[in-house]
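Dear colleague,

Please find the structure below, together with its sequence. My findings follow, and I would be grateful if you read them with the model open.

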Amino acid sequence: MELYEAVEKRRTVREFEDKPVDAGIIKRIISAGLKAPTNNHLREWEFVIFNDKKERLKILNLKDMTEYDECEKMMDFYGMTDSDQRGMYHIAMPRQFSMLYNSGCLILPFFKLREPLMHPTCLSSLNEFASIWCCIENILLAASSEGIFGVTRIPMEEELKHIKITLKHPDNYAMPCYIALGYPKPDAKLPVQKTINIEDRIHLNRW
Ligand SMILES: Cc1cc2nc3c(=O)[nH]c(=O)nc-3n(C[C@H](O)[C@H](O)[C@H](O)COP(=O)(O)O)c2cc1C
């Protein structure tokens, strides 16, 4: 598949067929991640792959938001007024656990920390964090080119603590998100995309 086609086809999917992703494909996808640009040239990224559902249950410390009203309240609290955005959260919030548990492959990516992530002193303090997101986007695009789709979830603090205790990963490595990948259910719900007019977003020679 051409790069532009993979870019066009990539969508966030939260409902998966009960079908694992072949280990060879996972390797190819992660290899694409490892080709991403990185601030210090070192690509200090590690990936923990959970293909075993019992093991997944041990590390997942979250629930789906099952109440429609709870989701409404959350969006009101955060001042979300865009109807497409609210539609996305109504699809996403009831699936935060199930999308990770039911995916064909759950990947926990890690990057090496040089200084505490939550106390940046300047923009370059965030370089390691920025670099792993380049890696993650490569992974999502490579997956798309293989006909595999998925979602990234930002873990809450309690989830990170639970993962640290369960996985016993090194203190100087941090997890930016979960990556759940798999084969979409034919009727998987997709929110309405925001379409952007390119002419509105390019500023020529001045803002
Ligand atoms: C940094 C980042 C964080 C995200 N966090 C979550 C998340 O916690 N849970 C979730 O279901 N989706 C999450 N997403 C997926 C977005 O909701 C999704 O990309 C967005 O709605 C646009 O849809 P699309 O990916 O299909 O274009 C995240 C995406 C990014 C880039």
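This is a predicted model: local features need pLDDT of at least 70, side-chain atom pairs count only at pLDDT 80 or more; totals for chains, interfaces and linings use all residues.

Helix H7 itself covers residues 127-145. Several residues of H7 are buried, among them Ile132, Cys135, Ile136, Ile139 and Leu140. Glu128, Ser131 and Ser144 also belong to the buried group. The elements that cover these buried residues include helix H1 (3-9), helix H2 (23-33) and strand S1 (45-50), as well as S2, S3 and strand S5 (178-182).

Is Glu115 buried or exposed? It counts as exposed because it has 11 C-beta neighbours inside 10 Å, and a residue with 12 or fewer is classed in that way. Glu115 and Asn61 are 54 residues apart in sequence, and their C-alpha atoms are 26 Å apart in space.

The model also contains a ligand, and the residues surrounding it include Arg11, Arg14, Met88, Gln96, Thr152 and Gln193. Helix H5 (83-92) and strand S3 (149-153) each give two or more residues to this shell. The largest share, 3 residues, comes from S3. By type, the shell divides into 4 nonpolar, 4 polar and 3 charged residues.

Yours sincerely

Terms used
Residues are numbered from 1 along each chain as its sequence is written. A residue is near a molecule or strand if its C-beta atom, placed from the backbone, lies within 6 Å of it. Helices (H or I, at least four residues) and strands (E, at least two) are DSSP runs, numbered from the N terminus. Ala, Val, Leu, Ile, Met, Phe, Trp, Tyr, Cys and Pro count as nonpolar, Asp, Glu, Lys and Arg as charged, and the others, Gly among them, as polar. A residue is buried if 20 or more other C-beta atoms lie within 10 Å of its own, exposed if 12 or fewer, and partly exposed in between; C-beta atoms are placed from the backbone. Two residues are in contact if their C-beta atoms, placed from the backbone, lie within 7 Å.
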